[in-house]
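Thanks for coming, everyone. Please have the viewer open while I talk.

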Amino acid sequence: MLTWYQWLILGLVPPLILSLYFLKLRRVPLEVPSTYLWTKTVEDMHVNSIWQRLRNNLLLWLQLLVVLILMIACLRPGCTGEKLAGDRFIFLVDKSASMSATDTESGITRLEDAKNQIYTLIDRMKSSDAAMVISFSDTEGVDQSYTKNKAILKRKVKSIEATQQGSDINRALVAATGLANPGRTSDKLSNTDVQVADALAATMYIFSDGAIKDVSKYAPGELTAIYQPVGAVTPASNIGITTFSVNDQLDTGGSIEAFVRLQNSGFAPKTIEVSLYIGDQLTDADTVTVPGREIAEANMSLGANSRLADIGQSPPGGLSLKFDLTSVAAVLESAAPIRFKIDAPDDYLLDNEAYCVLNPSRLTNILVLTDYNPALKLASSTDRLKKIANVEFSERSFLKEKEYETNAALGVYDLIIFDQCAPETMPACNTVFLSSLPPGEDWKFTEELEITPIIYTNNSHPVMFDVQMQSVSILNGQVIEGPKGSTNLVESIAGPVIAIGPRSGFEDIVVGFPMILYEEDGETPYNTDWHKKPSFPFFMQNIIRTLGSGSRFNSLRANRPGNPVKIKPRYPYEEIDVKNPKGRQESLQQQPNKSFVYNQTEDTGIYSVSEKGSLEVDQLFAVNLLDRLESDIAVRDELKLGYESIKGNSTREPARRDFWTFLAFFALMALTLEWIIYNRRVFI
Amino acid sequence: MANAVPSKKNSQEEPLLSPALLAQLERMELVSRKIFRGRMKGERRSKRKGQSVEFADFRNYVAGDDLRFIDWNMYARLDKLFLKLFMEEEDLHFYTLIDVSPSMQFGSPTKFQYAKQLAGALGYIGLCRADRVKIEALDGSRNSNAPTLRGRSSLWQLVDHLERMESQSTVTMTEAVKAFCLRNTGKGILVLITDLMDKSGYEEALKYLVARDLDIYLIHVLSQEEIDPDINGDLKLVDCEDQDIAEVSVSQRLIDRYKQTLASFIEQARDFSSRRGIVYTMTSTERSVDRLVSRYLRQRGLVR
């Protein structure tokens, strides 16, 4: 602001202009034959009168207008705006499913609200500022690298579309921090360490509802993160489906149950109607009350608006439901979609429906090549396994037959167990080798073993669930060395004795010891007491479930939107068609491992698979979001990035937004107008 | 303003009287609405009875009359002496007064040049009819060096006199006319060529002329820049004669107002002239001299 004497000087300018007009200092002399007529004319017009002189003098008025505008500009008119400090900005936009919630003030989606906020920020950027746009769901993409072109930035922001995917900010952060903190590189020739680029300080605006997995590793460096929470401050009541699955018959002893978990992100309990459809037919419906978010006692007295801090501590309320589908599944002839629906409109609609598929059972084809192994036979012929698998036993000599070669190459078998034998080429399926090695150099026996105790079992691997090997004794065996990427499942003192390794889409398990020794005299003594332990049937069951695609229900595979789905049709088709929930069809070619990979799983719903050109549906699979974080639409007021906790900028920092530049521009326009008029006085 | 300053050089390079104009003028004649007494025999009838062959009247003989004009036949019949009177053919005084104030130096061609051309053209008509032609500058001098010319052969003298004439006078029109009237007593036709831009007024000067009982023609010459000024901006107009200053901010309104003032000025002059039997003709320097003489002055009755 100006001081009093500066105002005084400025105030003197208009009178000065007026006096200059009276003095008429800038008149151009011109000789004329006689001023006789001119004087008479001027007298007639009374131009010499002061007010007459000023009348209609547009130039004077324009000059006074210019001074007036400049004086107003000196008053620094402005309004409350948002501060935009720095000269480089990164706009990180969350486009995950929960950003589709419509709990914003104006009723638009959170993503649209975030976009509007970004437009405002872009408008407030100085012309020298550069900005970058990165959008993320559970994948990330740099939509626009650093640019000063505001139009491009706005266009790129506009083009961001909401997805139905979860959110993972990790890789977006890597992209953002990578530019702010460029790495170092070593020049191999000179052996010196060179900074590849200068670190560029930047301000990162994260526009999100905070439904993001906490980030463990985050080194901001030159990056300053500002979290702009999008969405209602008061958590809206949203009932969402977080789990929907059909159980495994193996676990429940024959009955088929659909399991649903509902989540309420609001504080108040809510009563809703739920319905379950099989195909298009309503099978079951219920009215349930989902409890609200539990409030910590310390925060009980606070009003709803002040409960924001409580959100991080109190989990959303939840309710589990079970539906018995055994009778329905018994009469099922073909794959049927199951749809679970909440009949309660709320701010976030994407989690109000979940899908699942009940495929007709397909027995897993398992081939066991053994001359004599009663333990194996016993373990494979339990009632539970018979329901899911068709186990075929053959002599080892079957390896050399034509039928084996054809079936193995066509992928008829899901799993082949080789007992002390090995094929010449690996079949197109998963395999288990008992005391033999797959052909090739990948697998090796490194050391002979004699009566070794087992010291470690990798129970985290699905094949070894509930398999306790500590008490198992082994007489003879070999230490295994698997190919790259293989995992040791069981280890003795000398080294691994059971390992699993990948092979272009398939998995091979090699067991380093035989169950039964085939001696030359025809004796078949046991080499181990494993078959007497409960761990052996568990192991067999795990192998058949894991490697034999024994899961009966595709819903057990968690197909999330955006993730590729591996499809194994019932028959070895060369090409298949996949139709998405919106009806768009795509053809897929068979992969070398006899399966198909489908990538276009952006939408949640039921996808159908059929042979190319055929109308008959081979199988269905469901894609569900089912994300606790996304369904909890309460806006977090802080983000945890590494060790840093970034508080939400929900109350925006007020800052002045000056208008003096506009006024100066108007003054310039007035001055230009005055100049034009001065040069074309005749038009006055 | 460049276009407001007259180019003297260009205007003087043109011949004062072109051969084509001279040929046209030879067929013309100056007309006087009054019959005046000339000094020498001319080609027009005079009030004075003289010695021409055309009989006019008789009168009684008084002592001292020329005995040669007594009508002896009449004396034989009536026994009284009568004198025969004959019509006398006389010459005509033709005066041209040129305003030589500095304001005449404006326009393209300058008003002064235009005035000289016009004076030359009218003078030549007079010379061809053996009138007594005198072209004077209104410079207020007591002794005019203007020659009185007669006969077609005096054309070169006329042109020479005109070319030597300069516009530097600062005396008022009234004074200059007064000086002219004192010097010249002859009656005849008087053509006054002026722009009337005299701040002391032109009325007094015209009254002097009217008092001389001359046949007066007033040719009011204005330049184009006076009729339709092409100026703009904030100007300090300086009078070329008295250095008077008029400050104007030119606008369309002012220009319109100026034109109104000029029109009323012309109307005033015309009105003043016609009330006193003066024939008023306004012309612009853009109008050619031959056109002015052959059309406008013929209409006004100065020539035929």
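I will go through the two chains, then their interface, then some side-chain pairs.

Ground rules. This is a predicted model, in which local features need pLDDT of at least 70, side-chain atom pairs count only at pLDDT 80 or more, and totals for chains, interfaces and linings use all residues. Residues are numbered from 1 along each chain as its sequence is written, chains are lettered from A and ligands numbered from 1 in the order in which they are written, and side-chain values use heavy atoms, with hydrogens and water left out.

Chain A first. Its secondary structure comes to 16 helices and 35 strands. Helices here are DSSP runs of H or I with at least four residues, strands are runs of E with at least two, and numbering starts at the N terminus. Of its 684 residues, 45% count as buried. Buried means under 20% relative accessible area, exposed over 50%, partly exposed in between, with a 1.4 Å probe and protein chains only. Chain A exposes about 33900 Å², and carbon and sulfur atoms supply 54% of that. These areas come from the Shrake-Rupley method with a 1.4 Å probe; for residues, only the protein chains shown count as cover.

Now chain B. It has 10 helices and 10 strands. Of its 304 residues, 52% count as buried.

On to the interface. How much area is buried between chain A and chain B? About 3200 Å², with carbon and sulfur atoms giving 64%. That is accessible area (1.4 Å probe) lost by two parts on being put together, summed over both. A:Leu30, A:Pro33 and A:Trp38 supply 24% of what chain A buries against chain B, more than any other three residues. The contact (heavy atoms within 4.5 Å) takes 25 residues from chain A and 36 residues from chain B.

A salt bridge needs a side-chain nitrogen of Lys or Arg within 4 Å of a carboxyl oxygen of Asp or Glu. On chain A's side, β1 (28–32) and α2 (36–45) each give two or more residues. α2(A) gives the most, with nine residues.

Next, salt bridges across the whole structure. Take B:Lys111 and B:Asp195, whose side chains meet at 2.8 Å, N to O. B:Lys111 lies in helix α4 (residues 111–128) and B:Asp195 in the loop between β6 (188–194) and α7 (203–211) of chain B, so the pair ties together parts 84 residues apart in sequence. B:Lys111 is buried at 0% relative accessible area. B:Asp195 is also buried, at 0%.

Contrast B:Asp160 and B:Arg164, a salt bridge at 3.2 Å, N to O. They sit four residues apart in helix α5 (residues 155–164) of chain B, so about one helical turn separates them. B:Asp160 is partly exposed at 32%, and B:Arg164 is exposed at 54%.

There is a network too: salt bridges link B:Lys199, B:Asp239, B:Asp242 and B:Asp244.

Last stop, back in chain A. A:Ser98 is in the loop between β3 (88–94) and α5 (110–124). Is A:Ser98 buried or exposed? Buried, with a relative accessible area of 0%. Not counting residues up to four places away in sequence, its contacts include A:Arg110, A:Tyr348 and A:Glu630.
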